[in-house]
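This briefing goes with the sequence and structure shown below. It starts with a single residue and then takes up the chain as a whole.

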Amino acid sequence: MQIYETIQQMRQAIDEITTAAGEGAQGTTDIATRVTDIASKTDDVLHQSMENQKSAEKLDEMVGFFQL
């Protein structure tokens, strides 16, 4: 009986390790997905900033046209 109980405890420990490893892998996948999303949004912000800079330059030219 003692060997059987020890085997059962080992099996339970292995199951718990397997579950923890699966949860860790899922967490890593979630992090990678979020990092990709952040990178995409950062690229969007950079693009919008460049567009804003172009608009500011055009506005500056237009204002300069009206200044005497």
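Is E57 buried, partly exposed or exposed? E57 is partly exposed, because its relative accessible area is 43%, which falls between the 20% limit for buried and the 50% limit for exposed. The model is a predicted one. In this model the protein chain has one helix and zero strands, and E57 lies in that element, helix 1, which covers residues 2-66.

**Overall dimensions**

- The C-alpha trace of the protein chain spans about 100 × 10 × 5 Å along its principal axes.
- The radius of gyration of the protein chain is 29 Å, whereas a compact globule of 68 residues would have a value near 11 Å.
- Within the chain, E57 and T29 are 28 residues apart in sequence, and their C-alpha atoms are separated by 42 Å.

**Surface and burial**

- Of the 68 residues in the protein chain, 0% count as buried.
- The protein chain has an accessible surface of about 6,500 Å². Carbon and sulfur atoms account for 61% of that surface.
- A nonpolar patch on the surface is formed by L59, M62 and V63, which together have about 290 Å² of accessible area.
- V63, one of the patch residues, is found in helix 1. V63 counts as partly exposed because its relative accessibility is 39%.

**Charges**

- The protein chain carries 5 positive and 12 negative charges.
- The mean positions of the positive and the negative charges are 5 Å apart.

**Salt bridges**

- Side chains of opposite charge can pair when their charged atoms come close. How many salt bridges does a search of the whole structure find? The search finds two salt bridges.
- One of them joins K41 and D37, with the closest N and O atoms 3.2 Å apart. Both residues lie in helix 1, four residues apart, which is about one turn of the helix.
- K41 has a relative accessible area of 48% and is therefore partly exposed. D37 is partly exposed too, with a relative accessible area of 39%.
- E51 forms a salt bridge with K54, and here the closest N and O atoms are 3.8 Å apart, inside the 4 Å cut-off for a salt bridge.
- E51 and K54 are separated by about one helical turn because they are three residues apart in helix 1.
- E51 counts as partly exposed at 32% relative accessibility, and K54 counts as partly exposed at 47%.

**Points to keep in view**

- The predicted model shows a protein chain with one helix and zero strands, and 0% of its residues count as buried.
- The salt bridges found are K41 with D37 and E51 with K54.

Definitions and conventions
Residues are numbered from 1 along each chain as its sequence is written. This is a predicted model: local features need pLDDT of at least 70, side-chain atom pairs count only at pLDDT 80 or more; totals for chains, interfaces and linings use all residues. Side-chain values use heavy atoms; hydrogens and water are left out. Helices (H or I, at least four residues) and strands (E, at least two) are DSSP runs, numbered from the N terminus. Buried means under 20% relative accessible area, exposed over 50%, partly exposed in between (1.4 Å probe, protein chains only). Patches are made of residues with over 30% relative accessible area and no salt bridge: like charges are joined within 9 Å, nonpolar side chains (Val, Leu, Ile, Met, Phe, Trp, Tyr) within 5 Å. Accessible areas come from the Shrake-Rupley method with a 1.4 Å probe; for residues, only the protein chains shown count as cover. A salt bridge is a side-chain nitrogen of Lys or Arg within 4 Å of a carboxyl oxygen of Asp or Glu. The radius of gyration is taken over C-alpha atoms; the globule rule is 2.2 Å times the number of residues to the power 0.38. Lys and Arg count as positive and Asp and Glu as negative; His and the chain ends are not counted. The place of a charge is taken as NZ of Lys, CZ of Arg, CG of Asp or CD of Glu.
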